[in-house]
Amino acid sequence: MTGAGCVSWRVRRYSQPPAMVSYERLNPEEVQFSSSALLEPPPDDSGDAEAKAEDLERPLLDQTPQCTVTVALLTLGGLIVVVFGVWLLGTVFWLRGPPSTGTHKPPPPAAPSGQSKGWQGGPQPESCSLIPEAWRFDCYPERSVVVTEEMCHQRNCCFIQVSKAGSPEQNGVPWCFYPPNFPSYELAAINETEMGYSGKLIRLQKTYYPNDIKTLQLDVLYESNSRLRVKVTDPAKQRYEVPIDVPVVKEKAPDPLYTVEFSKQPFGIVVKRKQNGAVLLNTTVAPLFYADQFLQMSSSLASNFVYGLGEHRSNFLHDVQWNTLTMWARDAAPVELTNLYGVHPFYLLMEPNGLAHGSFLLNSNAMDVVLQPAPALTWRTIGGILDLYMFLGPDPGSVIGEYLEVVGKPAMPPYWALGYHLCRWGYDSSNNTWDVVRAMRNYGIPQDVQWNDIDYMDRALDFTIDPVKFSTLPDLVKDLHIHNQRYVMILDPGISSTQPAGSYLPFEEGIKQGIFINKSSGDTLIGKVWPGLTAFPDFSNPDTHEWWYQNLKNFHDKVPFDGLWIDMNEPSNFFDGSIDGCPSNDLENPPYTPGVLGGSLRAKTVCASARQKITSHYNLHNLFGLMEAKASASALKKILGKRPFVISRSTFPSQGVHSGHWLGDNRSQWKDLYMSIPGMLTFNLLGIPLVGADICGFSDTTTEELCVRWTQLGAFYPFTRNHNTKESKAQDPTVFSPAAQTAMKEALLLRYSLFPFLYTLFHHAHLSGRTVARPLFFEFPTDQKTYGIDKQFLWGKSLLVTPVLDAGVDYVVGYLPEGLWYDFYTGHSLVSKGEEVKLHAPLDKINVHLREGSIIPTQRPNTTLWVSSGQPLHLIVCLTEEGLAEGDLFWDDGETLDTYETDQYAYVTFRLRENTMTSEVVHSHLEASYITVETVSFYGVKSAPTSVTVNSQEAAFSYTANQVLTVSDLGLNLNQNFVISWT
């Protein structure tokens, strides 16, 4: 390492911690990087593996710029720029354009203090050309701006125009990027504390964004052996922090899985996995920014395998080829490269050796998260603080559990929430809705919940009923309850502000209580949604929660609904900002605007400068859906005295504690059928396992084949609902041909038969933060073939679903990881070496396989879960080659609050060893005594038994050529231990 570039330092440990910490210099070989180094100039991006391996050991910021580029070259470059000016203009607009037609004016460029604009009148340093394209961090991220060399140099950054002849992967390479010595913060002091380290960061030179915070407080907290927290704040002024509860830890982790090292100048932090030295976080790769409205931190990544970072429509595995993921809650039908309904700045990363870690930036302001092929990631947010968590796993499931220890584990849903839900915007009357319910019963098609969209309301007013078209709605709900079914209706947050005085109490009481969002002037902000001009409740205000509860209670007295669907809660607004527009200030026009749809923060929502109880909407916008869900769940608990059921469109970390989520306004297209799987898997990573897409599609008109295939897949969504819009034809199962009806009915009965297994998975999600639907690599983390699979998924660790996602086919190709698998329906076994297999898939079948070593509790299905949940159990035991298997079952009354926490539950484990299966009632409860085990099927019994005993008594059995042993007519009480063995 030469010159006066980045100097890396490591904390020197003492047996007795000193008051100050001394440093020793880090040699390059002591920092392990996962990809090519920043200063190695490869001949091209396809260089050999040996050259790239050498790059791993090089520092990323270490050299002083050298002014060796000749004037002649500069002149030639200038001529090229002139000749290709028109092409440059069009190309840059294409490269840097936002996902909308909106524009944003960037701040005027400013050179660091004490320096002249440009490179002091000379050429840019040669070191700029030595930075590989993959390691170029964008110095001019503003959109809709044609970045010229002069503009770039005014920011003291490197400018290299990427050739048009480059490969497609090069299209996102920034032309303006940071040089190796770009000014950043300096670590002026570091002290060891009871929880880790505390440091002081100082900035000596200004950046090109206004209001740099020159002195920062650094806190590095060893919160647990697998969790590290890095918090950077302003010691002189309290800045906005996200108002969600996170653990407050007072004891330092005794044996962390990580080590932490610091770079002094420029400041950086390096986090390594202690087990193998893998670098999980390295912020020395690019300068740290911490201005009032522009905070940016970059890090190298340990691999390209990045997941999470919702909510976006994309493959499950994110593309790291210059992929910017913008986060700002927005009412927008799901399309690629667009900020959607929710915001989740958390990612899971699979390391090359099968280990996993995660990272979470606790920040609710608008942000861009930039992935680039180094691989590296940049967090770029416009407010709040930098509050970064690292989760060390080491397996992917543990990472999710550790993340949910911070933001909160998902609530246990009521049992009926796992049944089939049916909805439509366009029933137009309660009698039409009732007719659909009756038709479903007549055809014997399972249904637990009926919904209504906004057409049940009087003029789209919350807490009202259309007095003519929906006059029989209370009778419909009563009939649903008689048949052990449930009713859910929609509520939007917009409250009409234009009704005659004395005619609409929700608005009038809201004004009196001061619970609406206000303009920056202090007057109520008025927008427009379905009922016309509206005010928006401020759910950051506790008084709003009480107002919401009172209105829900009053409505429940008229229509005894069972759950809530909260929509339009980004919040959505048909105006940009308000009826009066928005003021011109720094909140509405920040120095940097992330790549939001519409080009401005106020696009189709309320003004960023609007005032709420806690702070401005600028800070709280992304929390609106979470806060409304919290108010809704709390109100339902008080009204019903049971577990609440809430489905929300907008979400934020900790949402799963209060609600589930559906994936928004999809379309009746085969691509949308497929895209629902990545969406479902992503939200399971994000702690919201109760998730699903609108079965058969919300908009457009479905086909019979698509709807059958979608119902089959939807039967394996954790939350399964068929819903569509009034512009489309009805698509409930009863409107299709008899063959289609039968196929859909069988798919739903299959789901209902698996209810005990699914319910137990939700218990583990609630208790331990596990996923319900999960990607294959969670169970096979060393098999990299599974890392990109998002057309198949698992329920738990043992049930593999391989749906048909294409039109006109009667087969599907799926991947079976290495091991022994059993066909769910027949018990036929298949030994896989980790390979793709072609599976027969006629229109009436979805392929389901069971993994060796599992015991799956199933139940005789019926048309409602109330009836199904009382039916006898059928256990499916899937033997390994060694004859082993295990499983479990959680059981309670399905509705009571906090049954696990108050010991009102049963928990039973099942184990098979040496031809003997045992059940053990780990925790007993009366509810389990109502359930019997009727049948047990053993898949993979290699030879026909001569005898079978049940609790030491001889029992009848059957054995088939495909090695399935079945013992029936058992009548075993689930609440009592039993033993089944064979010889």
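Two strands count as paired here if DSSP finds at least two bridges between them, and strands themselves (E, at least two residues), like helices (H or I, at least four), are DSSP runs numbered from the N terminus. By that rule, strand β10 (residues 268-273) and strand β11 (residues 279-282) run antiparallel and are joined by 3 bridges, with K272 standing opposite V279 in β11. The hairpin they make has 5 residues between the strands, and G277 takes a positive phi near 80° there.

A word on the ground rules. The model is predicted, so local features need pLDDT of at least 70 and side-chain atom pairs count only at pLDDT 80 or more, whereas totals for chains, interfaces and linings use all residues. Residues are numbered from 1 along each chain as its sequence is written, and side-chain values use heavy atoms, with hydrogens and water left out.

Now the overall picture. The chain carries 17 helices and 52 strands. Of its 983 residues, 62% count as buried, buried being under 20% relative accessible area, exposed over 50% and partly exposed in between (1.4 Å probe, protein chains only). The accessible surface comes to about 35300 Å², and 52% of that belongs to carbon and sulfur atoms; the areas come from the Shrake-Rupley method with a 1.4 Å probe, and for residues only the protein chains shown count as cover. Among contacts (heavy atoms within 4.5 Å) between residues at least 6 apart in sequence, 71% join residues at least 24 apart.

Back to strands. Strand β14 (residues 305-310) is mostly covered, with 5 of its 6 residues buried. Its antiparallel partner is β16 (residues 344-350), joined to β14 by 5 bridges, and G308 stands opposite Y347 in that strand. Y307 also lies in β14, and its relative accessible area of 0% makes Y307 buried. Leaving aside neighbours within four places in sequence, Y307 is in contact with F316, L317, H318, F346, Y347, L348, M350, L685, F777 and Y787. From that list, M350 is 43 residues away from Y307 in sequence but 8.6 Å away in space, C-alpha to C-alpha. Past the strand, the peptide bond from G310 to E311 is cis, with omega near 10°, and E311 lies in the loop between β14 and β15 (323-327).

N722 sits in strand β32 (residues 720-722) and is buried at 1% relative accessible area. Its side chain has a polar atom 3.0 Å from the backbone oxygen of Q731. Residues up to four places away in sequence aside, N722 touches Y420, H421, L422, C423, I695, C696, C707, Q731 and D732.

There is also an open sheet of 6 strands, antiparallel in its pairing, in the order β33-β34-β35-β40-β37-β38. Because β33 (773-774) and β38 (829-832) stand at the edges with a single partner strand each, one side of each is left without a neighbour in the sheet. For β33 that partner is β34 (residues 793-795), paired in the antiparallel sense over 2 bridges, with A773 opposite W795.

As for rings, the structure holds 57 aromatic pairs. Rings of Phe, Tyr and Trp (its six-membered ring) pair if their centres lie within 6.5 Å; planes under 30 degrees apart count as stacked, over 60 as edge-to-face and the rest as tilted. Y208 and Y209 have ring centres 4.9 Å apart and planes at 50°, so the pair is tilted; both residues are buried. The rings of Y389 and F391, with centres 6.0 Å apart and planes at 0°, are stacked. Ring pairs also link Y178, F182, Y208, Y209, F289, F294 and Y592 into a cluster.

A cis peptide bond joins E570 and P571, with omega about 0°. S654 counts as buried at 8% relative accessibility, whereas E914 is exposed at 72%.

Terms used. A polar contact is a pair of N or O atoms within 3.5 Å; within protein, one must be able to donate a hydrogen and the other to accept it, and residues adjacent in sequence count only if both atoms are side-chain atoms.
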